[in-house]
Amino acid sequence: MKKLWLVVLLTLSCTALWAQTPAEKKAPATPQQDTAERNKMLYSLGFLLGDNLKTQLILDNEDDYKALSQGMRDSLLGKKSQTDLEKYKPQIIQKYQEDAKTISAKREAAQQEFLANFQKEKGVKTLDNGAMIKLLRAGKGKTPKADSTVKVHYTGKLIDGTKFDSSHDRNAPFQTKLTAVVPCWTKAIQQLKPGASATVVCPSDTAYGNRPVGQIPPNSALVFDVELLEIVE
């Protein structure tokens, strides 16, 4: 490999960020506004890259942060590396692999605890595929079938409360066939009548499994606040 693993990870992080962020049309800005906005944009990019890096590597203290940021700064400024990069590549790869295992194990333990606690809550129903649903408001009429087309409002979150998607933020309901969504939704939405709202918890194997999707890490349990608006005939 000619590039360090960290650089690859940061590049992939940028690519994922661009893929999930819609372009916005803006009015022309003054040079001063351009500079200020550019600085804010670059700061935000740095913050997001750091936030992403925290999910992939374990950094224990201020010295870790300083060493990492100094290496990135020297690279970005085109300076000569202060270390023998070839010598440390194996250690970098080893750290990434070991940290990934540790982080994955902690995430899995946290998710299992979350799922177990949610299942104990009053009113929670566990479906035959392992998805769980807690009715918050009853609806009226008939429930959809497995191949129905429905219109819903929803907010999707990770178990730590991080929001990764919301139809409310787009000010537009989401319309879909229940055959075109993750298995968790296919089963859970069939439990609702129009006007009903519920919290739906999807174990990872009923959601995206080991596939990372946007902000969603692989093997993630997901939490949805869902309102069934109508069954589209």
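Two strands pair if DSSP finds at least two bridges between them. The legends below use that rule on a predicted model.

**View 1. Strand 1 and strand 2 run antiparallel.** Strand 1 covers residues 124–126, and strand 2 covers residues 132–137. Three bridges join the two strands. T126 faces M132 across the pairing, with M132 in strand 2. Five residues lie between the strands, which form a hairpin. In the turn, G130 has a positive phi of about 100°.

**View 2. Strand 2 also pairs with strand 6.** Strand 6 spans residues 197–202. The sense is antiparallel, and five bridges make up the pairing. Here I133 stands opposite V200, which belongs to strand 6.

**View 3. Y43 and F47 form an aromatic pair in helix 2.** The structure holds seven aromatic pairs. In this one the ring centres of Y43 and F47 are 6.3 Å apart. Their planes meet at 40°, so the pair is tilted; the tilted class lies between stacked, under 30 degrees, and edge-to-face, over 60. Helix 2 runs over residues 31–54. Y43 and F47 are four residues apart in helix 2, so about one helical turn separates them. Y43 has 58% relative accessibility and therefore counts as exposed.

**View 4. Y154 and W185 make an edge-to-face pair.** The ring centres of Y154 and W185 lie 5.3 Å apart. The planes stand at 90°, so the pair is edge-to-face. Y154 and W185 are both buried. Ring pairs also tie Y154 and W185 into a cluster with F164, F174 and F224.

**View 5. Helix 4 spans residues 85–120.** Helix 4 has 36 residues. From first C-alpha to last, helix 4 reaches 51 Å. That is close to the 52 Å expected at 1.5 Å a residue. D84 caps the N-terminal end of helix 4. A side-chain oxygen of D84 lies 3.2 Å from the backbone nitrogen of E86. Along helix 4, the buried residues include K89, I93, D99 and I103. Q111, L115 and F118 in helix 4 are buried too.

Conventions: Residues are numbered from 1 along each chain as its sequence is written. This is a predicted model: local features need pLDDT of at least 70, side-chain atom pairs count only at pLDDT 80 or more; totals for chains, interfaces and linings use all residues. Side-chain values use heavy atoms; hydrogens and water are left out. Rings of Phe, Tyr and Trp (its six-membered ring) pair if their centres lie within 6.5 Å; planes under 30 degrees apart count as stacked, over 60 as edge-to-face and the rest as tilted. Buried means under 20% relative accessible area, exposed over 50%, partly exposed in between (1.4 Å probe, protein chains only). The expected span of a helix is 1.5 Å times one less than its number of residues. A polar contact is a pair of N or O atoms within 3.5 Å; within protein, one must be able to donate a hydrogen and the other to accept it, and residues adjacent in sequence count only if both atoms are side-chain atoms.
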